[in-house]
Amino acid sequence: MASAASLKEIQEIATCFLCSNLLDIPVSLDCGHSYCNLCLQTFCRKEALLKKVVCPQCLLPNNVNSWRHNKHLERIITVLRKMAETQSESECEEHGEPLRLFCEDDKQLICQRCEQAPEHQGHTTVPVEDACQGYKEKLQKAVARLRDLHTECMNQKTLIRTQIAKWQKEIAVQKQKVKVDFEKLHTFLHEEEKLWIWRLENEEEQMLRTLRENEADLQQKSEEIMNHIQELEAKCQSSAQKLLQDVEETLSRACTVKLEAPKAFSMKVQTVCDVAELYLDVKVMLRRHQASVTLDPDTAHPALTVSKDWRQVSYGCIQQNLKASSRRFTMLPCVLGCEGFSSGRHYFEVDVGEGTAWDVGVCMENVQRGFGMIQDPDSGFWAIRLCTEDSYVALTLPHTVLKLPERPLVVGVVLDCEAGAVSFYNMTSGSHIFTFPKASFSGTLWPFFRVYPYSPLFLPSCTE
């Protein structure tokens, strides 16, 4: 007991005042107190002390340059740690006697006095050496098993690394192939473009040459006619004798002047290149991902009427006695499609016809449908609009004005869930209209339509 108490007293002396642990790399000050090197530096930084240090314990000033690493104290602390470990392993904390027995029932080290205690009576106890050998073998078996698991784990890790490298190589090969193929395609299309431009310029040159030759002939004929006119006018203004002189010959020459019928030229350009038909048919490419979309009456605003086949919707009078639905739009005349998309690439078409206004796009499931409804990507809407003043905008924040060369009668919507892209096409011409900036979709997206008076919308089937 005395040795344990002495050890405890020494531990208290060798404990750092700042961190309450045994001193680590002890540093002593002029006042004689010692602290962990790191603890003292931290204390100085907190106190914003530079050249002089106030001892945290006695508050006496000490010069930083006088700090000294107390190696002697450090060796004592090292021995103290070893003594504490030996003491804690070899003596019973309760009785202070050597722990020479092992209780098989409680799986703990005990001393002889513990063996006689009520809590261990009837338990199987064996000498530490005997128990140690048995458990040592068990531990060695556990180590061997864990080593086998570690080896298997490392083998699997090596396999995964190999697969990663192989996969990255495969992707790199495919990326390079796509790049090369498109470069070839770009080169081919560029050469084709130059060829078609050359054909058009050649046709232009030939037609201009013919027209200019005809123009020159007409200019010559015009000058000839003017000469005859001047000659006849001069005759008319001369004396009777001069007028009658060779008058028959003059009239004969004037009568022989004739103007040939104008040559008929076809002003239709013969060199016509339909790029989409000859090289890239955008419509065909988009329709490879076409989904058959129908309208969901349970989401339609009360002022909207959905046809029996769920493919046409129009704006009209407010309908009464509608089926109650939490998914129904109540503020704006909108309706959703029945089919939602959460992964993959999808395309659907909307026949907007000659409507004066419409909104077409996609939206999230949890969008606001009543008061406070706002249509922009931050609110879960990705759509474009034909405004009543006959202008087109993308419903970004703020709106993006769209300059379309021609009015679309059918709008194509492309949704790529993985790429986070929503694009719109004029399917009348197969031209691109707008693509929203990349987004991160979570959950299901639904086809979205806003309907205006006298502007019904129709959803063609995949076969139409």
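**Entry 1, helix 7.** I started with Glu249 and Arg253, which sit 4 residues apart in helix 7, so about one helical turn separates them. Their side chains meet in a salt bridge, 3.3 Å from N to O. I noted that this is a predicted model. Glu249 is partly exposed, with a relative accessible area of 47%, and Arg253 is partly exposed at 31%.

Which other residue forms a salt bridge with Arg253? I found Glu231, with the closest N and O atoms 2.4 Å apart. Glu231 lies in helix 5 and Arg253 in helix 7, so this pair ties together parts that are 22 residues apart in sequence. Glu231 counts as partly exposed, at 29% relative accessibility.

Next I looked up Asp359 and Arg385, a salt bridge whose closest N and O atoms are 2.9 Å apart. Asp359 is in strand 13 (residues 358-364) and Arg385 in strand 14, so the bridge ties together parts 26 residues apart in sequence. Are these two buried or exposed? Both Asp359 and Arg385 are buried.

My search of the whole structure gave 15 salt bridges. I also wrote down a network of salt bridges that links Asp296, Arg327, Glu365 and Arg369.

I then checked what Arg327 and Arg369 do with aromatic rings. Arg327 lies over the face of Trp446, 5.2 Å from the ring centre. Arg369 lies over the face of Phe329, at 5.3 Å from the ring centre. Phe329 belongs to one aromatic cluster with Phe381 and Phe448.

**Entry 6, ring pairs.** I counted 8 aromatic pairs. One of them is Phe102 with Tyr135, edge-to-face, with 5.4 Å centre to centre and 70° between the planes. Phe102 is in strand 6 (residues 101-103) and Tyr135 in helix 5 (residues 128-237), so I logged this pair as a link between distant parts of the chain, 33 residues apart. Phe102 counts as buried at 12% relative accessibility, while Tyr135 counts as partly exposed at 26%.

Phe381 and Phe448 also pair edge-to-face, at 5.0 Å centre to centre and 70° between the planes. Here strand 14 (residues 381-386) holds Phe381 and strand 20 (residues 445-451) holds Phe448, 67 residues apart. Phe381 counts as buried at 1% relative accessibility, and Phe448 counts as buried at 0%.

Note on methods. Residues are numbered from 1 along each chain as its sequence is written. This is a predicted model: local features need pLDDT of at least 70, side-chain atom pairs count only at pLDDT 80 or more; totals for chains, interfaces and linings use all residues. Side-chain values use heavy atoms; hydrogens and water are left out. Rings of Phe, Tyr and Trp (its six-membered ring) pair if their centres lie within 6.5 Å; planes under 30 degrees apart count as stacked, over 60 as edge-to-face and the rest as tilted. Helices (H or I, at least four residues) and strands (E, at least two) are DSSP runs, numbered from the N terminus. Buried means under 20% relative accessible area, exposed over 50%, partly exposed in between (1.4 Å probe, protein chains only). A charge sits over a ring if NZ of Lys or CZ of Arg is within 6 Å of the ring centre and within 35 degrees of the ring normal. A salt bridge is a side-chain nitrogen of Lys or Arg within 4 Å of a carboxyl oxygen of Asp or Glu.
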